[in-house]
Amino acid sequence: MTSVYRKTVCLLMVSMMMFTQPAAAQGKWLRALSNPVVFKGDSVTAYRDPAVYYYKGVLYLYFTLVKTEANGRVYSYTAMSYSKDCSNWQPIKILTARDQSLDFSSPGNIIRYKNEWFMCLQTYPRPDYTASQMPRFGTGDARLYLMRSSNLTDWSAPELMLVKGAGVPAAKMGRMIDPYLLEDKDEKGKWWCFYKQNGVSMSYSYNLRDWQFFGYTASGENACVLVENNEYILFHSPKNGIAIRHSPDLKNWRDTSGLITLGQQNWPWASGRISAGAVINLTKEKNAGRYLMFFHGSGPLTEEQGDFDKNASIGIAWSKDLLLWDWPGKQR
């Protein structure tokens, strides 16, 4: 092979790599998607508050499932599905009891701790709730819980989290919703629980049982926290859309400009509200190659107008840098 021929081949190979690199960086799961809706709500069903976990090539999706029964009574559950390709999802499995005095819901995330998986979730009590009362929000008795699993599909009964410390009984903890668990970025074995109370409140534990209250910062609902570039990145939901805050130490926070609303202006199913962004870093996974965000959208009515426990759907979007977001069918 002549030197000229070798140079020509090399140049062609480099050109081909440069041309195909963007497509290869976005994994095959995302390239195959044509619809941003993962689970579509309707007049008697709502899918809300997604949480996502990736393990051995499988995406596990947990969420609030709200169902209006034929008699008009409305129940909330924590439910799940999973997929091996992000397109085909297994039949939904309900994980919690049918009980309006509890209505376990809003799974925050899943962590691995001492050879088990733990999921945090909340109660959202609405006794005697019927469709004629929509929307009716949870009582002041909402509290946080943990469930355990050995396989990500079968889960234990929920256990109460005393996130204000052993000295504060459950009845005195106040209304709290939307938990999220994260290991401290600087101290291994120290676990944080973020939850909606006075903005977002924060407590920590070294064993997921004994908790110490730390403080709070301004925030909307549905906290999701990543660690990137030695900073905590808090995704949260204000009145509409998803906002981002950054902190080096969980004490000092700064806001990222702008609000993430994705394709809301073209999505009747999400025109009422976009909320509850659950973000996972799959940038190094060949099937995804991006940060994935699962979220819920409600509409065409706002939640206050009634599309809270009905007409709420789970959608998907993704990003290379947590700044610019794409989704199936995005108009360029």
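The largest pocket in this predicted model has a volume of about 460 Å³. Local features are reported at pLDDT of at least 70 and side-chain atom pairs at pLDDT 80 or more, while totals for chains, interfaces and linings use all residues. Residues are numbered from 1 along each chain as its sequence is written, and side-chain values use heavy atoms, with hydrogens and water left out.

## Pockets and cavity

Rolling a probe the size of a water molecule over the atoms shows where empty space is left. Here a 1 Å grid over the protein atoms alone is used: a cavity is a set of points where a 1.4 Å probe fits but cannot get out, a pocket is an open set with protein on both sides within 12 Å along at least five of seven lines, and lining residues have an atom within 4 Å of a point. Points are joined across faces, edges and corners, and a volume is the space filled by probe spheres set on them.

The lining of the largest pocket consists of 23 residues, and those nearest its centre are Asn-109, Ile-110, Tyr-180, Leu-226 and Ile-280. Two or more lining residues come from each of strand 2 (45-55), strand 6 (110-113), strand 10 (177-183), strand 14 (221-228) and strand 18 (273-282). Strands (E, at least two residues) are DSSP runs, numbered from the N terminus. Strand 14 supplies the largest share of this lining, five residues.

The second largest pocket holds about 380 Å³ of space. Its lining comprises 25 residues, with Arg-48, Tyr-124, Glu-221, Arg-273 and Phe-308 nearest the centre. The elements giving two or more residues to this lining are strand 2, strand 3 (58-68), strand 10 and strand 14.

The structure also holds one cavity of 30 Å³ or more. The largest cavity has a volume of about 90 Å³. It is lined by 14 residues, of which Pro-50, Pro-107, Gly-108, Asn-222 and Ala-223 lie nearest its centre. Strand 2, strand 10, strand 14 and strand 18 each give two or more residues to the lining of the largest cavity.

The table gives the linings by class. Ala, Val, Leu, Ile, Met, Phe, Trp, Tyr, Cys and Pro count as nonpolar, Asp, Glu, Lys and Arg as charged, and the others, Gly among them, as polar.

| Space | Volume | Lining by class |
|---|---|---|
| Largest pocket | about 460 Å³ | 17 nonpolar, three polar and three charged residues |
| Second largest pocket | about 380 Å³ | five nonpolar, eight polar and twelve charged residues |
| Largest cavity | about 90 Å³ | eight nonpolar, four polar and two charged residues |

## Sheets

Two strands are taken as paired if DSSP finds at least two bridges between them. An open sheet of four strands runs in the order 10-11-12-13 with antiparallel pairing. Its edge strands, each pairing on one side only, are strand 10 and strand 13 (211-217). From one strand to the next the twist averages 25°; axes are lines fitted to C-alpha atoms, and angles run from 0 to 180 degrees between N-to-C directions.

Strand 11 (residues 191-196) and strand 12 (residues 200-205) run antiparallel and are joined by six bridges. Trp-192 has Tyr-204 of strand 12 as its bridge partner. In the loop between strand 11 and strand 12 lies Asn-198, a residue other than glycine with a positive phi near 55°.

Six bridges also link strand 12 and strand 13 in the antiparallel sense, and Ser-205 is partnered by Trp-211 in strand 13. These two strands form a hairpin with five residues between them, and Leu-208 in the turn has a positive phi of about 65°.

Another open sheet of four strands has the order 14-15-16-17, again with antiparallel pairing. Strand 14 and strand 17 (254-255) are its edge strands, each pairing on one side only. Strand 16 (residues 243-247) pairs with strand 17 over two bridges in the antiparallel sense, and His-246 stands opposite Arg-254 in strand 17.

## Cis peptide bonds

Met-134 and Pro-135 are joined by a cis peptide bond with omega of about -10°. Pro-135 belongs to the loop between strand 7 (116-122) and strand 8 (144-149). A cis peptide bond also joins Gly-299 and Pro-300, with omega of about 20°. Pro-300 is placed in the loop between strand 19 (290-298) and strand 20 (312-319).

## Confidence

The predictor's confidence in each residue, pLDDT, runs from 0 to 100. The chain has a mean pLDDT of 93, and 92% of its residues reach 70 or more. Over residues 1-24 the pLDDT is below 50, and this stretch has four contacts in the model beyond near neighbours in sequence; a contact means heavy atoms within 4.5 Å. Where pLDDT is low, the predicted coordinates should not be read in detail.
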